[in-house]
Each structure stands twice: as structure tokens, then as C-alpha cells.
Amino acid sequence: MSFLRRRSATPAGPDFDVLAMDPGDWPGNLGAGLLPAPDGSCQGVFLRYDLFGGRGPAMIIGNLPEGSPAREVDEDEIPFEVAQLLLALENEEEVTVVGSEDVPVMQGDNLLIVRRLKLSESRISCVQFDRSDSVLVTIAAWDRPITDDLYALLKPLPAELFQQG
């Protein structure tokens with residue numbers, strides 16, 4: 001019943017839980033952004049974790065549902081979250097995907113097939129995996145590797161946390 005949604009250009013919030021690190025567990029600054037569709041629905045959520053005292057983010061975690069335009073990138077094009085990380089760091093270098101590798105990783109009792117992207121900018125680490133509800137999770141980190149223990153810190157944050165109003 002999409003006609004009952006808010007008609008504002010700003011989305012009311014996602015129709016899905018967001019997989020991320022709990023904001024209460026993060027020692028630095030945290031920001032969240034919603035990607036609005038023209039009808040006011042939410043086409044994705046990304047969280048920006050800043051450990052550098054306002055000098056730029058350490059990590060961006062994105063959750064993009066199936067059909068989100070931000071998921072539609074060419075094979076050698078960087079994911080949306082990497083572009084957001086570069087933008088936040090005011091880094092204007094041309095960055096491309098130069099390779100990828102699928103790696104099995106355990107998250108609690110779940111086996112994830114994580115796609116590790118190799119980028120032309122070696123200071124950026126980037127991984128992606130699909131959730132069972134068809135939401136693509138992308139983690140992009142600056143100047144730090146993404147290790148398997150990070151997946152243990154990820155948990156579903158309820159969609160209500162991102163509601164406006």
C-alpha cells in the first residue's frame with residue numbers, strides 16, 4: 001500500500017533491519033544516512049564510523065536492499081560505500097576494482113560467503129556479502145584491514161532506529 005507512505009522526499013526509514021555495529025559499542029563519532037527513492041521509500045542505509053576525531057571516517061557500512069540503484073555498478077567500478085568513504089576523506093583519486101576473492105566466514109552460526117574486493121587504492125579495504133533477505137552489506141575501511149573478528153561485532157539494528165519524526 002505505497003500510497004500510505006509519506007510523500008516527503010526524505011524517507012521515513014527502511015523496511016529492513018540494518019546489519020552494523022551497535023552505536024553504543026563504537027568509541028568514536030557515528031553518522032547514518034538514508035538513500036531516498038522518489039516515492040519516499042528507503043533504498044539503503046549507510047553508517048559512517050569515525051575514529052579519527054573528525055578528520056574522516058575509519059569505516060562505512062552500507063545496507064542496500066534488492067532493487068536499490070546504488071547496487072548497480074559495473075564490474076570494475078567501486079561500490080557506493082567506497083565512493084562515500086573517498087568523498088568523506090576528500091580523496092579525489094581515481095579508484096577502481098582490480099580483483100575479488102570469495103572467502104567463507106562464520107558470523108555466529110551463519111556461514112557467509114564474503115567477497116573481498118581488491119582496489120587500486122591499497123589503503124582501502126572492502127568486503128561485501130548478501131544477507132538471506134537479499135540486502136547487500138558492504139564494509140569499506142580506510143587504512144585498516146577488515147579481519148574476521150569484525151563479523152562477530154555485526155548485529156541487526158532495528159529499522160525503527162532510523163525512522164524520522
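**Figure 1. Loop position of D25.** D25 sits in the loop that joins strand 1 (18-21) to strand 2 (29-36). The model shown here and in the other views is predicted. D25 counts as exposed because its relative accessibility is 53%, and exposed requires a value over 50%.

**Figure 2. D25 and L153.** In sequence, D25 and L153 are 128 residues apart. In space, the distance between them is 8.8 Å, taken from C-alpha to C-alpha. D25 belongs to the loop between strand 1 and strand 2.

Figure 3. The relative accessibility of D76 is 46%, so D76 counts as partly exposed. The cut-offs for this class are 20% and 50%.

**Figure 4. The protein chain as context for the close-ups.** The protein chain contains two helices and nine strands. Read from the N terminus, the order of elements is β-β-β-β-α-β-β-β-β-α-β. Of the 165 residues in the protein chain, 45% are buried. The accessible surface of the protein chain is about 9100 Å², and carbon and sulfur atoms hold 48% of that area. Among contacts in the protein chain with a separation of 6 or more, 53% are between residues 24 or more positions apart.

Notes:
Residues are numbered from 1 along each chain as its sequence is written. This is a predicted model: local features need pLDDT of at least 70, side-chain atom pairs count only at pLDDT 80 or more; totals for chains, interfaces and linings use all residues. Side-chain values use heavy atoms; hydrogens and water are left out. Buried means under 20% relative accessible area, exposed over 50%, partly exposed in between (1.4 Å probe, protein chains only). Helices (H or I, at least four residues) and strands (E, at least two) are DSSP runs, numbered from the N terminus. Contact means heavy atoms within 4.5 Å. Accessible areas come from the Shrake-Rupley method with a 1.4 Å probe; for residues, only the protein chains shown count as cover.
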